[in-house]
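Please read them with the structure open.

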Amino acid sequence: MDKEKIKGYLNISRKAGYLIVGGETLDDYKKKLFLVLYDETAGNNTMKIATKLKDRGLKTIAVSNLGELCLISTCKIVGIKNKNISEIIESLINE
């Protein structure tokens, strides 16, 4: 897993407005999402939201140190609404 590349793509997503940050925001989000990343150390509420999104058919992937990757220190869950960036990040994680 190339953390620097993932960090770069998450930063691009954030600047372009493709990154949806936070459990409450994702829980109420009704538009199309392609990938959900959550921190391995996330709490029960975040895990419930991740499970709920997975049940809706979204790809959800657990990563370590998500806050460090997306440059938001307290971040535990994010959604990506760009298909190409989602596919690139998923392939980088699965390397």
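**Notes on the predicted model**

1. V36 has G79 of β4 standing opposite. The two strands concerned, β2 (residues 35–39) and β4 (residues 77–80), run antiparallel and are joined by four bridges. The model is a predicted one.

2. This pair belongs to an open sheet of four strands, in the order β1-β4-β2-β3, where the pairing is mixed. The edges are taken by β1 (19–21) and β3 (59–63); each has a single partner strand, so one side of each lacks a neighbour in the sheet. From one strand to the next, the twist averages 20°.

3. Helix α5 (residues 83–93) packs on the sheet and touches β2, β3 and β4. The direction of α5 makes about 45° with that of β2.

4. Most residues other than glycine have a negative phi. N65, which is not a glycine, has a positive phi of about 55°. N65 is in the loop between β3 and α4 (66–69). Its relative accessible area is 41%, so N65 counts as partly exposed.

5. L71 also has a positive phi, near 60°, and is a residue other than glycine. L71 lies in the loop between α4 and β4.

Notes:
Residues are numbered from 1 along each chain as its sequence is written. This is a predicted model: local features need pLDDT of at least 70, side-chain atom pairs count only at pLDDT 80 or more; totals for chains, interfaces and linings use all residues. Side-chain values use heavy atoms; hydrogens and water are left out. Two strands pair if DSSP finds at least two bridges between them. Axes are lines fitted to C-alpha atoms, for helices over the stretch in contact, and angles run from 0 to 180 degrees between N-to-C directions. Contact means heavy atoms within 4.5 Å. Buried means under 20% relative accessible area, exposed over 50%, partly exposed in between (1.4 Å probe, protein chains only).
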